[in-house]
Amino acid sequence: MIEITNEDIDNIETILFPDGSKFNESHRTVIKNLETVDIKACPGSGKTTSLIAKLLILEKKLPLENNRGICVLTHTNVGVNEIKGRSSQQEGSRLFQYPNHISTIQVFVDKYLAIPSYKHFYHGNVYSIDMDTYIEHFKKLFYKIPWRFRQNIERKFPLEDLCQKLVFDFEDDGIIYLGAKKLEGVYSNATDTYQYLKDLKVDLLENGILSYRDAYVMAFKFIKEFPEIRDLISTRFKFLYMDEMQDTSPIQMKLLNQVFDKSLVTIQRIGDTNQAIFESSSDDLSWKPDKRALSISESKRFSPAIAKCIEKVCVDPQGVRGNETIQNIKPTIIVFKDNNIEKVLPTFADLIIENNLHQNNRKVFKAVGRVGKLHSEGKITLPSYYPSFNKSSNNRSRTSYSSLYEYILAINQIDNPNVNEYRRLLINSLLHATRIENIKNKDKWYSDKSLLQTIAEKNEQLVINLNKRIAKWILNTKNGQQIHEELAKFITCKFIPYLKGSKQVTKDLKDFCTTKHISEQKDSTKETEQINTYTHVVGNFEGEVKINLDTVYNVKGETHTATLYLETFYKKYDLFHLVEYLKQNHTKLKGKEKTNALCVAYVGLTRPTHFLCLAMRQETLDGNEEELKKVGWNIVNIKD
Ligand SMILES: Nc1ncnc2c1ncn2[C@@H]1O[C@H](COP(=O)(O)OP(=O)(O)OP(=O)(O)O)[C@@H](O)[C@H]1O
């Protein structure tokens with residue numbers, strides 16, 4: 001039987017904490033525990049760090065009995081990358097190799113259930129499972145519907161809404177829903193509109209273009225057909241660790257319960273119910289930690305001054321203790337009016353400098369808010385504070401782009417040094433080209449595997465040559481050299497002509513290879529980061545303070561040096577909604593709206609180590625100033 005000892009933990013501490021920090025007793029209890037248990041802990045308590053410590057210790061004890069594996073699931077790539085980053089500090093890391101699996105839940109579902117299911121039921125290969133590609137193709141098909149019908153549909157369902165609302169039933173992909181109603185309940189099945197919409201949805205599926213939700217539909221279909229998958233998965237993995245459990249939707253929970261057998265797998269679910277910020281995670285079916293859950297109530301992230309001010313700004317206060325070794329700076333409310341809102345960020349920057357944080361070793365300064373989209377009636381959202389703010393989707397997991405140029409841009413922006421990522425995008429660009437040219441393999445679209453197999457069957461040497469080319473392109477990209485021209489020439493003059501048996505390629509393929517236009521909303525993560533960064537120049541060339549703006553959803557799990565929480569409008573102004581909690585008057589919550597607002601605010605307010613600021617409208621502050629001061633907030637008014 002495996003066991004984790006204090007000595008194991010001491011050893012890992014030196015790897016994880018070069019500054020000499022230590023795990024306390026509650027961390028040690030969590031790290032040592034190898035039973036099925038829930039772990040609930042406050043923000044910044046070191047939940048993820050303790051999980052990483054446990055994984056690094058277990059890694060040294062691999063292989064487990066019967067060569068069973070460890071499965072770690074999280075909700076965001078940030079979490080996965082954090083684990084990857086830390087574990088690569090160990091030589092010969094085996095955590096990311098068979099039989100282990102570490103990924104987001106979505107990637108797990110795609111790999112083990114949705115893709116095999118699609119192959120089985122549709123006898124073809126999945127082209128993409130990501131929302132950007134799905135929406136792009138959805139819109140293309142929608143614009144093929146005759147104008148008259150399209151206009152009628154759009155009057156009722158704006159296109160963006162329609163993309164999200166036209167879905168298959170989880171239990172039966174023969175049934176299509178439009179929002180909460182069956183499609184035939186919205187448009188009678190005798191109408192052309194019904195047929196157009198049904199064809200559109202089916203067409204996407206038949207072409208392997210899946211939304212994230214479709215992947216779950218495929219997954220359930222697979223489990224129903226092959227119930228033995230539960231045994232296969234449950235004997236492969238000895239441990240299942242689920243981080244950020246509070247964000248697991250009821251449908252994800254249902255699926256995981258179906259594939260992991262509790263009697264065979266040790267399951268640890270780690271989270272903080274106060275930080276549940278994804279819509280579906282806040283209803284009655286959401287995760288409730290077991291009564292015997294282990295808990296950690298001290299935050300390693302933030303100072304006692306911050307702990308005191310945020311303690312009651314959550315659904316279920318749990319007496320958070322701050323980190324005594326962090327300097328106390330009074331949390332501050334920056335009060336603004338409509339006519340001086342543009343001074344909020346400069347004021348925050350001045351406060352950072354006043355508190356000498358611009359000279360801190362770690363300088364992560366962020367301004368975050370709930371709503372990033374410009375409001376149609378001019379209510380305050382992130383762009384009101386910083387007009388060039390651009391809310392972009394997280395495109396790191398994208399696998400498909402609309403031009404070769406965009407594939408190469410994506411390759412250039414890979415920040416994780418994993419060759420497979422480069423290779424995957426390069427191969428995907430080739431697969432994309434085969435689709436444009438309508439080249440199929442026994443009536444199916446090529447997958448990376450079937451492509452290489454087909455070429456190998458014809459001539460093994462060609463696969464070796466292709467691999468050499470790919471390796472060269474990866475190296476050149478890493479060295480900052482341009483590969484666009486060479487890759488385009490390869491696709492149009494060699495690759496496609498070889499598969500097609502003809503030198504003639506279509507105009508669409510030529511356009512794909514030459515277009516340098518980046519489709520809307522697809523600007524790179526790095527560019528977006530630059531656009532969304534306010535730079536404040538410190539007097540007399542002493543340096544600058546960079547403040548990055550983002551939505552709360554995107555900074556989940558992050559640790560900042562200073563965070564400014566910006567009041568924004570979503571049905572109501574959020575701080576106005578929550579001012580009683582900021583004054584530490586906690587009341588039990590009723591209603592979904594307030595609960596959601598509170599969870600989002602709690603995630604935002606618990607990011608900084610040293611300095612927490614709020615940007616609050618004068619109207620929200622009015623009448624509350626004295627009470628806010630009494631509970632520890634400093635108030636700074638922006639002068640006109
Ligand atoms: N034992 C420790 N001693 C000192 N610092 C620690 C310790 N554990 C974690 N930290 C630091 O505290 C910060 C928060 O840690 P971590 O992200 O693991 O917390 P978390 O509980 O997962 O946070 P969140 O609730 O926001 O998801 C990080 O900067 C981490 O390096």
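About 40 Å³ of space lies in the largest cavity. The model is a predicted one, and a search of the whole structure finds two cavities of 30 Å³ or more.

**Stop 1: the lining.** Select Val 30, Ile 39, Lys 47, Ser 50, Leu 51, Lys 54, Gln 268, Ile 270 and Ile 296, which line the largest cavity. By class, five of these lining residues are nonpolar, two are polar and two are charged. Now colour helix α3 (47-60) and strand β10 (266-271): each of them supplies at least two residues of the lining. Helix α3 gives the largest share, four residues.

Stop 2: Move on to the loop between α3 and β2 (69-74), where Pro 63 is found. A cis peptide bond joins Leu 62 and Pro 63, with omega about 0°. Asn 66 is found in the loop between α3 and β2 as well. Its phi is near 60°, a positive value in a residue other than glycine.

**Stop 3: another cis bond.** Select Tyr 98 and Pro 99, which are joined by a cis peptide bond with omega about 5°. Pro 99 is found in the loop that runs between α4 (77-87) and β3 (101-104).

**Stop 4: the six-stranded sheet.** Show β3, β2, β9, β10, β1 and β11 in that order: they form an open sheet with parallel pairing. At its edges stand β3 and β11 (294-296), each with a single partner strand, so one side of each is left without a neighbour in the sheet. From one strand to the next the twist averages 15°.

Strand β1 (residues 37-41) and β11 pair in the parallel sense over three bridges. Ile 39 stands opposite Leu 294 in β11; Ile 39 is also one of the residues that line the largest cavity.

Stop 5

His 560 stands opposite Pro 608 in β19.

**Stop 6: the whole chain.** Zoom out and show everything as a cartoon. The secondary structure of the protein chain comes to 28 helices and 20 strands. Along its principal axes, the C-alpha trace spans about 80 × 65 × 55 Å. What radius of gyration would a compact globule with 640 residues have? The value would be near 26 Å, and the protein chain has 26 Å, which agrees.

Key
Residues numbered from 1 in each chain as written. Predicted model: local features only at pLDDT ≥ 70, side-chain atom pairs only at ≥ 80, totals over all residues. Heavy atoms only, no water. Pairing = 2+ DSSP bridges. 1 Å grid on protein atoms, 1.4 Å probe; cavity = no way out; pocket = protein on both sides within 12 Å on 5 of 7 lines; lining within 4 Å. Points joined across faces, edges and corners; volume = space filled by probe spheres on them. Nonpolar A, V, L, I, M, F, W, Y, C, P; charged D, E, K, R; others polar. Rg over C-alpha atoms; globule rule 2.2 N^0.38 Å. Axes fitted to C-alpha atoms, helices over the stretch in contact; angles between N-to-C directions.
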